[in-house]
Amino acid sequence: MVNHHTTEVFFHDMRVPAANLIGEVDEGFKYILDGMNAERILIASESFGDGRWFIDKASRYATERQVFGRPIGQNQGVQFPIARAYVQLRGAELMLRRACALFDEGKQCGPEANMAKLLNSEAAWVAGEACLQTHGGFGYAVEYDVERKWRETRLYQIAPISTNLILAYVGEHVLGMPRSY
Ligand SMILES: Cc1cc2nc3c(=O)[nH]c(=O)nc-3n(C[C@H](O)[C@H](O)[C@H](O)COP(=O)(O)OP(=O)(O)OC[C@H]3O[C@@H](n4cnc5c(N)ncnc54)[C@H](O)[C@@H]3O)c2cc1C
């Protein structure tokens, strides 16, 4: 992966000039959360794009690749996982577009941004799995780019927020259940 080294940053007794204050004192966490919603929508969009790439690549390869005298995509065992991934991705897209619309209108979009990120990251992964499997051994040939993208798209079930913590957010803040951590 390019530009994905993981590092930690520590701040000790750091002083920030008053002129650098953004917004109002003690309201910072709310501003951060607003930025995080934008990041979740961004990552959901990236995952959606990954999913489209996987499905396009898989369906083209399934149509072109001939084994035993017929395209592998003629077999339902190859075709259906790609079709299912497409259905899942299009469903996830609806939540993404809802989150984008709310954000653009300046409205609260925490639940939708989180759900869009969860749904699209999982849909992209399902599409990545279908794409890698469709390519068989060539899925691991670097010139096809499939294994690289498959590896990269898995990240979005962990960062910038893991799926479990999205579920904790939905359980607590959307469904009103007790805080679990
Ligand atoms: C490639 C990469 C790039 C990144 N880029 C950035 C960046 O640019 N900026 C930035 O700030 N961060 C970045 N991160 C960090 C990323 O946001 C964190 O890795 C992510 O939020 C998960 O936190 P953690 O690694 O501390 O996992 P942990 O909090 O240690 O969690 C580990 C696992 O346990 C689960 N878990 C933990 N607590 C609970 C609980 N209470 N209930 C249920 N499950 C739980 C989590 O879901 C996860 O699966 C990046 C990470 C990676 C891998």
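I take patches to be made of residues with over 30% relative accessible area and no salt bridge, like charges being joined within 9 Å and nonpolar side chains (Val, Leu, Ile, Met, Phe, Trp, Tyr) within 5 Å. A salt bridge is a side-chain nitrogen of Lys or Arg within 4 Å of a carboxyl oxygen of Asp or Glu. Accessible areas come from the Shrake-Rupley method with a 1.4 Å probe, and for residues only the protein chains shown count as cover.

I note that this is a predicted model, in which local features need pLDDT of at least 70 and side-chain atom pairs count only at pLDDT 80 or more, while totals for chains, interfaces and linings use all residues. Residues are numbered from 1 along each chain as its sequence is written, and side-chain values use heavy atoms, with hydrogens and water left out.

Entry 1, surface. I found a nonpolar surface patch of about 470 Å², made by Val9, Phe11, Met14 and Val16. Val16 sits in the segment before helix H1 (28–64); helices are DSSP runs (H or I, at least four residues), numbered from the N terminus. I recorded Val16 as exposed at 56% relative accessible area (exposed is over 50%, buried under 20%, partly exposed in between; 1.4 Å probe, protein chains only).

I looked for disulfides (pairs of cysteine sulfur atoms within 2.5 Å) and counted zero. For Cys100, the nearest cysteine sulfur is that of Cys109, 8.9 Å away. Cys100 is partly exposed at 27%, whereas Cys109 is buried at 3%.

I placed Thr163 in helix H5 (residues 163–174) and found Thr163 buried, at 13% relative accessibility. Leaving aside residues up to four places away in sequence, Thr163 touches Leu118, Glu122 and Gln157 (contact means heavy atoms within 4.5 Å).

Definitions and conventions
Helices (H or I, at least four residues) and strands (E, at least two) are DSSP runs, numbered from the N terminus.
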